Amino acid sequence: MAEDGRRGDEEDRGPGAAYRGVAVMESLLEKLNALNYEEEVLGKHNMKNLSRHYFVSSPYLASNPGEQFYMFTIIAAWLINVAGRPFTEPQEYDEPNATVSNILAELRAFGVKVDFPPSKLKSGSGEYVCFVLDRLAEEALRKRGFTFRKTNYPSENTEEESVVEDDAELTLRKVEEELIDEGDEEEENVMDLEALKLRSTHTEAETSSKPDEILESTVDATEWNLEVERVLPQLKVTIRTDNKDWRVHVDQMHQHRDGIQSSLKEAKSHLDKLQEDIGKTLEKVSSREKYINNQLEHLIQEYRSAQAKLSKARERYQQASGGVTERTRVLAEISEELEKVKQEMEEKGSSMSDGAPVVKIKQSLTKLKQEIIQMDVRIGVVEHTLLQAKLKEKSNMTRDMHATNIPEPAAGLFA
């Protein structure tokens, strides 16, 4: 329903409504060039030049909605600032809805009527985008005092086509030109009153002298025929058809109409015959279909019962296959546990029949005995060292005791 309504609007607007955006975009580009947008916008943001149909929405033109929307917001903000209203330049990651609403608010502030929703501008292209930028460009040009003057077209002198004419033929155009020239000469050569009086008197004399008998020709018929044959080629008039003449187009239209009507009659007869044949064929097909349905009714019933039995068998098969699958899974788990138990039993059996651990134990005991003997020897050496130290300490103590009890002279004598 929405598409039908949109088509209806386009039909009301006219067949050229679909191409109105192209004309608006070309006018917008001229206004932007007049405002020197290449240096003030493109050079500042390091952007490429706009094409003639950059903001036009068409399936035949390549589009990049993100880039076009960003370019639209940048140019709109620049035009608003040029028009005399402060406007913050939008950034790439700003909220699109807020940016579009701000631009439309500034456009309404200039007195422009906005009768479309802001969502129409989010695509970055289309008729409404071109409309907004065009009105902003007009406001900017008005602010700078720039106006477009009317174009003065040079007058073109259309040269008449030179047509090579045969001396023996006279064209209708030549005859018309001679008649016009004669009329001009008659208008230029104004006769005076005396000449008019003389002519009037001469005509009166001629009318008064009317012959009383029937005039008879005195010219020989043979000479007359010869003169006619001589003058006949010069009296031949050829009319050259002009393709731009409306009469030629009308004749062609009548010819095409007659051809279409004749073709329509033939095609209509063939189509009527074809329709009749198709109707008969459809009736035969429907009667055969009914006959076949009646003949195969019991087979269809049997087929339906077989289909019901097959569906029940499939349900039972699915249930049984589900139980088999579950049991298969349990069997796989049990088999895995059995393999683990077998592996453990094999490891234990191999360890029980293997004598390597006993040999290792005997080697360890032998090594332990050797270490015990070494420790006993070390203990004996340590005890002997301790005993010597104790004896030495005891002898030192005894000597010190005796030294304290003996007088110094006696000690000197003995010394």
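**Notebook: a look through the predicted chain**

I started at Asn-36, which is partly exposed because its relative accessible area is 32% (buried means under 20%, exposed over 50%, partly exposed in between, with a 1.4 Å probe and protein chains only). This is a predicted model, so I kept in mind that local features need pLDDT of at least 70, that side-chain atom pairs count only at pLDDT 80 or more, and that totals for chains, interfaces and linings use all residues. Residues are numbered from 1 along each chain as its sequence is written, and side-chain values use heavy atoms, with hydrogens and water left out.

**Asn-36, continued.** I found Asn-36 in the loop between helix H2 (20–34) and helix H3 (37–45). Helices (H or I, at least four residues) and strands (E, at least two) are DSSP runs, numbered from the N terminus. I looked up the phi of Asn-36 too: near 60°, a positive value in a residue other than glycine. Most residues other than glycine have a negative phi.

**Whole chain.** I counted 13 helices and 2 strands in the protein chain. Of its 415 residues, 14% are buried. The accessible surface comes to about 35400 Å², with 54% belonging to carbon and sulfur atoms (Shrake-Rupley method, 1.4 Å probe; for residues, only the protein chains shown count as cover).

**Helix H4.** I checked H4 (residues 65–82) next: 18 residues, reaching 25 Å from first C-alpha to last, close to the 26 Å expected at 1.5 Å a residue (the expected span is 1.5 Å times one less than the number of residues). In H4, 13 of the 18 residues are buried, so the helix is largely enclosed by the rest of the structure. Just after H4, I noted that Gly-84 takes a positive phi of about 105°.

**Glu-139.** Is Glu-139 buried or exposed? Glu-139 counts as buried because its relative accessibility is 14%. I placed Glu-139 in helix H6 (residues 127–144). Its side chain joins that of Arg-142 through a polar contact of 3.0 Å (a pair of N or O atoms within 3.5 Å; within protein, one must be able to donate a hydrogen and the other to accept it, and residues adjacent in sequence count only if both atoms are side-chain atoms). Leaving out residues up to four places away in sequence, Glu-139 touches Ala-83 and Phe-110 (contact means heavy atoms within 4.5 Å).

**Leu-282.** Last, I looked at Leu-282, which sits in helix H10 (residues 246–295). Leu-282 is exposed, with a relative accessible area of 55%.
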